[in-house]
Amino acid sequence: MDGIVTEVAVGVKEGAGLETLKEERGKAPGKRGSDELLSGSVLSSPNSNMSSMVVTANGNDSKKFKGEDKMDGAPSRVLHIRKLPGEVTETEVIALGLPFGKVTNILMLKGKNQAFLELATEEAAITMVNYYSAVTPHLRNQPIYIQYSNHKELKTDNTLNQRAQAVLQAVTAVQTANTPLSGTTVSESAVTPAQSPVLRIIIDNMYYPVTLDVLHQIFSKFGAVLKIITFTKNNQFQALLQYGDPVNAQQAKLALDGQNIYNACCTLRIDFSKLVNLNVKYNNDKSRDYTRPDLPSGDGQPALDPAIAAAFAKETSLLGLPVAAVPGALSPLAIPNAAAAAAAAAAGRVGMPGVSAGGNTVLLVSNLNEEMVTPQSLFTLFGVYGDVQRVKILYNKKDSALIQMADGNQSQLAMNHLNGQKMYGKIIRVTLSKHQTVQLPREGLDDQGLTKDFGNSPLHRFKKPGSKNFQNIFPPSATLHLSNIPPSVAEEDLRTLFANTGGTVKAFKFFQDHKMALLQMATVEEAIQALIDLHNYNLGENHHLRVSFSKSTI
């Protein structure tokens with residue numbers, strides 16, 4: 001199945017799927033099926049270019065259904081949905097529209113595997129069509145197609161469309177926090193508040209990072225997300241996510257279960273949790289309570305920086321609003337403000353049209369210090385954000401280099417994080433290159449060691465699918481995370497080692513097991529230099545030091 005980043009075929013003539021319904025004289029009553037929904041249903045339209053279709057599902061030839069034989073593509077708040085799976089329910093179709101605004105009417109044409117969905121405003125419909133033009137909607141693992149209808153309004157005979165209307169009323173009642181209508185019968189498949197507001201999420205095939213912030217952006221399209229806890233169980237990245245309302249959880253499960261975050265990987269598997277409330281003790285990269293921005297970060301855990309804490313406070317004031325009222329909530333997985341800039345980069349460009357794992361893998365890095373830079377130093381620094389395959393310092397322009405990453409997401413990550421950083425005293429510029437690969441020099445040609453192939457390097461951080469390294473990707477920072485420290489190495493040894501890289505060690509803190517530590521340099525530039533010099537440094541006892549950027553401060 002395609003991922004959340006994919007293309008959709010739009011603009012197929014709406015009339016093409018609505019050929020004239022033949023009269024079904026003599027059909028046994030039990031075989032009339034869902035075409036009965038059509039009987040007495042009329043779509044009103046200012047468009048005079050229409051053909052009448054005789055509907056006889058109830059044996060009544062006088063009932064008319066207006067269908068169009070022309071698709072002009074003009075925006076309308078009525079949308080035509082085609083290629084629906086045979087067993088799809090009204091609830092699933094309504095759920096397609098809910099993130100974009102209020103759904104005001106629905107007409108299911110089950111015999112034709114089609115439906116009409118009416119939204120409250122034309123703006124909401126335009127947003128929905130634009131979104132699904134970049135993100136192929138799937139129902140029951142089957143792609144469906146959405147386009148504008150020629151009709152400007154959907155008029156249905158509610159007595160003959162009772163089931164769909166009952167589902168719509170139930171959703172609307174709960175969505176607007178009204179008391180559900182008494183006497184309204186809703187089928188088991190309809191959205192009801194009986195389920196838990198907590199979802200259990202498992203990420204299958206996690207080849208790229210999925211952070212807590214990425215999950216928040218995906219799931220907040222369906223309602224206010226109150227709390228998230230992430231953890232690794234049975235070598236799988238999992239999360240518990242709590243909405244303010246069980247209906248939001250139901251809508252999110254319907255829309256997202258089985259979807260891929262990236263092309264062909266990072267598949268969401270979603271179930272309802274037995275828990276009805278999550279107890280979050282710390283706000284950090286593993287857990288978050290969006291209603292309590294004041295929570296501590298927890299000992300040894302990456303803390304929230306002030307920008308994110310401020311964003312929490314702002315976000316708390318938005319809780320409870322319908323998602324369509326939150327600015328920017330509908331741009332595909334957009335991360336608002338500087339609040340989660342780290343998450344935006346960690347996500348690569350998840351969900352953004354045109355960017356996928358197969359994107360441009362080669363970066364052009366310029367304004368390098370040509371006296372100091374080497375392929376190895378570029379491999380080490382850029383290797384923090386992906387598996388560097390090849391590095392070529394340009395022969396005739398030694399302040400520039402081409403760096404080939406393993407895939408487009410990794411090159412995007414590296415560019416987002418390293419453009420504008422200082423390396424060997426110079427601010428480097430990182431852009432996507434027009435080259436598709438980095439060419440190795442011809443055999444026998446001496447290029448002075450300017451080109452190096454790292455394809456088989458044992459130092460790649462992200463070779464192992466689902467590695468915890470995916471969850472610990474942060475922008476360059478003055479604080480470094482050290483791991484794989486042998487028992488014999490003391491704090492003073494590490495302070496001296498890092499001071500010898502030419503910087504000042506401002507603070508140091510061992511984790512409880514002494515295998516890991518946080519070490520703070522005076523500046524980000526000093527920390528970059530220390531990481532380049534000391535990542536994979538041999539500390540003895542067969543322990544090679546691992547160095548990463550941390551989001552914590554000491």
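Student: Which side chain does the side chain of threonine 267 make a polar contact with?
Tutor: Asparagine 260, at 2.6 Å. Keep in mind that this is a predicted model.

Student: Where is threonine 267, then?
Tutor: In strand S15, which covers residues 265-272.

Student: Buried or exposed?
Tutor: Threonine 267 has 6% relative accessibility, so it counts as buried, the cut-off being under 20%.

Student: What is threonine 267 in contact with, leaving aside neighbours within four places in sequence?
Tutor: Ile202, Ile203, Asp204 and Asn205, plus Gly258, Gln259 and Asn260.

Student: OK, helices now. At what angle do H8 and H11 pack?
Tutor: About 110°, and their axes are 9 Å apart. H8 is residues 375-382 and H11 is residues 524-534. Since 65 to 115 degrees counts as roughly perpendicular, that is therefore how the two helices sit to each other. H8 passes H11 in a right-handed crossing.

Student: Which residues make that contact?
Tutor: Ser377, Thr380 and Leu381 from H8, with Ile528, Leu531 and Ile532 from H11.

Student: How many are nonpolar, polar or charged?
Tutor: Four are nonpolar, two are polar and none is charged.

Student: What caps the N-terminal end of H9?
Tutor: Aspartate 407: one of its side-chain oxygens lies 2.9 Å from the backbone nitrogen of asparagine 409.

Student: And what follows H9?
Tutor: Glycine 420, with a positive phi near 90°.

Methods: Residues numbered from 1 in each chain as written. Predicted model: local features only at pLDDT ≥ 70, side-chain atom pairs only at ≥ 80, totals over all residues. Heavy atoms only, no water. Polar contact = N/O pair within 3.5 Å; in protein donor to acceptor, adjacent residues only side chain to side chain. Helix = DSSP H or I, 4+ residues; strand = E, 2+ residues; numbered from the N terminus. Axes fitted to C-alpha atoms, helices over the stretch in contact; angles between N-to-C directions. Parallel < 35°, antiparallel > 145°, perpendicular 65-115°, else oblique. Left-handed = near helix turned anticlockwise from the far one by under 90°. Contact = heavy atoms within 4.5 Å. Nonpolar A, V, L, I, M, F, W, Y, C, P; charged D, E, K, R; others polar. Buried < 20%, exposed > 50% of the residue type's maximum accessible area, 1.4 Å probe, protein only.
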